[in-house]
Amino acid sequence: MTSIINGKEIGQEIRKSVENRVKELKEQGLTPGLAVILVGDNPASQTYVRNKQKSCEAIGIFSELIKLPAEVTEEELLEQINILNNRDDIHGILVQLPLPKHINEDNVIATISPEKDVDGFSPVSVGKMMLGQETFLPCTPFGVIKLLEYSGIEIAGKHAVVVGRSHIVGKPMGQLLLQKDATVTYTHSKTPDLPSITKQADILIAAVGRPNFITKEHVKPGAVVIDVGINRDENNKLTGDVNFAEIEQIASHITPVPGGVGPMTITMLLYNTVQSAEKQLSQDK
Ligand SMILES: Nc1nc(=O)c2c([nH]1)NC[C@@H]1CN(c3ccc(C(=O)N[C@@H](CCC(=O)O)C(=O)O)cc3)C=[N+]21
C-alpha cells in the first residue's frame, strides 16, 4: 500500500512546537519578528506572502509586510534591507522572489544580514550549509528532510536522486541528503536518458518546475517520491512535477500537491524565525 505523506499534518505538528517556543520567548519579553519584502504586484507572490503572514500570526510571530512598487530601484531596495538588518524587533528578513528583471537578485540576497537570513539563501548561509556548520537551512529542502524523518523513512545508505539543480531547491536538497548519509545523484535538463538514472532512486526528489514531468517510466517500484513542484495551470489549479495518479500505484510513499512540501516550506520559515529570535535573546543575556 502506498503511503501518502501528509505535509499539512506534519507541518501542523511542527508548528505546535514552534508555537510553544514563541510563548516561551514572549514570557521572556521577546516577540519574534519576520519582515517580508514584496516588490511589485505579481498575484502568485501576493498569495504566498499573505499565507506566510497568516501562518506567522497564527502562532504569535510578529510579521511586517514591506510593499515596494515594481519600479523600485535596486539601491532603494538595498536601503530597505539595511534598515531591517538594523532593527532589533526583526529577526528574519525574507525578500519574496522572483524580483523584477532590473534588480540583481544576487546583490539583494547578499545584503540580507546572515543573522536574519531565514530563507537560508545568502552566500554565507549556503557556505555554512555546505560545510555542515550551524546556519539557517533553506526552508523547502529542510522541510523535505523533516517530512522524510517524520514519516520514518531511512535516509542513510539510500540512493537519492534529485531532478533539478536550482539554488533554492535542487542544490541544497542534495547537500542535506548527503549530510544524512544518502548517496546522492544530481540530474537536470541536460542529463541524457533521465529515466535510467531516476529508476535507480530509493528516494526521488522532483524539483523540475514542469507539470507531470515524472511518470512511471522514471520510478522504481517501492521508491519514495517527493514532489517539490508548484505549477499552476490555466485555471490557476496547482499541480506538481509528478504524475500523481500514475506514481501513486507504484511508490511506497508519495507527497501530494497541494498538501505535501508546500506547507512544510512555510513551517520551516517559522522555525527559522523563532530560532533567530532565540539566538538574539541568548546573546543579549
Ligand atoms: N524568498 C522566497 N522564499 C520562499 O520560500 C519563496 C519565494 N521567495 N518565492 C516563491 C516560493 C514559493 N513558495 C511556496 C511556499 C509555500 C507554498 C504552499 O504552502 N503551498 C500549498 C498550497 C498553497 C496554494 O494553494 O496556493 C501546498 O502546496 O499545499 C507554496 C510555495 C515559497 N517561495
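## Helix H2 and its surroundings

Helix H2 is followed by Gly-60, whose phi is positive, near 90 degrees; helices here are DSSP runs of H or I with at least four residues, strands are runs of E with at least two, and both are numbered from the N terminus. The model is a predicted one, in which local features need pLDDT of at least 70 and side-chain atom pairs count only at pLDDT 80 or more, while totals for chains, interfaces and linings use all residues. Residues are numbered from 1 along each chain as its sequence is written.

H2 covers residues 43-58, and its 16 residues should span 22 Å at 1.5 Å a residue, which agrees with the 23 Å between its end C-alpha atoms; the expected span is 1.5 Å times one less than the number of residues. Within H2, Lys-52, Ser-55 and Cys-56 are buried, a residue being called buried if 20 or more other C-beta atoms lie within 10 Å of its own, exposed if 12 or fewer, and partly exposed in between, with C-beta atoms placed from the backbone. These residues lie on the same side of H2, because they cover an arc of only 105 degrees around the axis, the arc being that of the directions from the helix axis to the C-beta atoms. The face turned away from this buried side carries the exposed residues Pro-43, Thr-47, Lys-54, Glu-57 and Ala-58.

The buried residues of H2 pack against strand S2 (33-39), strand S3 (62-68) and helix H10 (261-284), where contact requires C-beta atoms, placed from the backbone, to lie within 7 Å. H2 lies across S2 and S3 and runs at about 170 degrees to S2; axes are lines fitted to C-alpha atoms, for helices over the stretch in contact, and angles run from 0 to 180 degrees between N-to-C directions.

## The three-stranded sheet

S2 and S3 belong to an open sheet of three strands in the order S3-S2-S4, with parallel pairing. Its edge strands, S3 and strand S4 (92-95), each pair on one side only, and neighbouring strands are turned by 15 degrees against each other on average, direction ignored. Two strands are taken to pair if DSSP finds at least two bridges between them; S2 and S4 pair in the parallel sense over four bridges, and Ile-37 stands opposite Val-95 in S4.

## Ile-81 in helix H3

Ile-81 is found in helix H3 (residues 74-85) and counts as buried because it has 22 C-beta neighbours inside 10 Å. When residues up to four places away in sequence are not counted, Ile-81 touches Ile-93, Val-108, Thr-111 and Ile-112. Ile-81 and Met-1 are 80 residues apart in sequence and 49 Å apart in space, C-alpha to C-alpha.

## The six-stranded sheet

Another open sheet has six strands in the order S1-S11-S8-S7-S5-S6, again with parallel pairing. Strand S1 (3-4) and strand S6 (183-187) are its edge strands, each pairing on one side only. Strand S5 (residues 159-163) and S6 pair in the parallel sense over five bridges, and the bridge partner of Val-162 in S6 is Tyr-186.

## Annotated domains

An unreviewed UniProt entry places the domain "Tetrahydrofolate dehydrogenase/cyclohydrolase catalytic" at residues 5-119; UniProt positions are given in the numbering used here, feature names are shortened, and annotations may be inferred rather than shown by experiment. The end C-alpha atoms of residues 5-119 lie 24 Å apart, and the span is 49% helix and 16% strand.

The unreviewed entry in UniProt also places the domain "Tetrahydrofolate dehydrogenase/cyclohydrolase NAD(P)-binding" at residues 138-280. The end C-alpha atoms of residues 138-280 lie 20 Å apart, and this span is 36% helix and 17% strand.

Technical notes:
Two residues are in contact if their C-beta atoms, placed from the backbone, lie within 7 Å.
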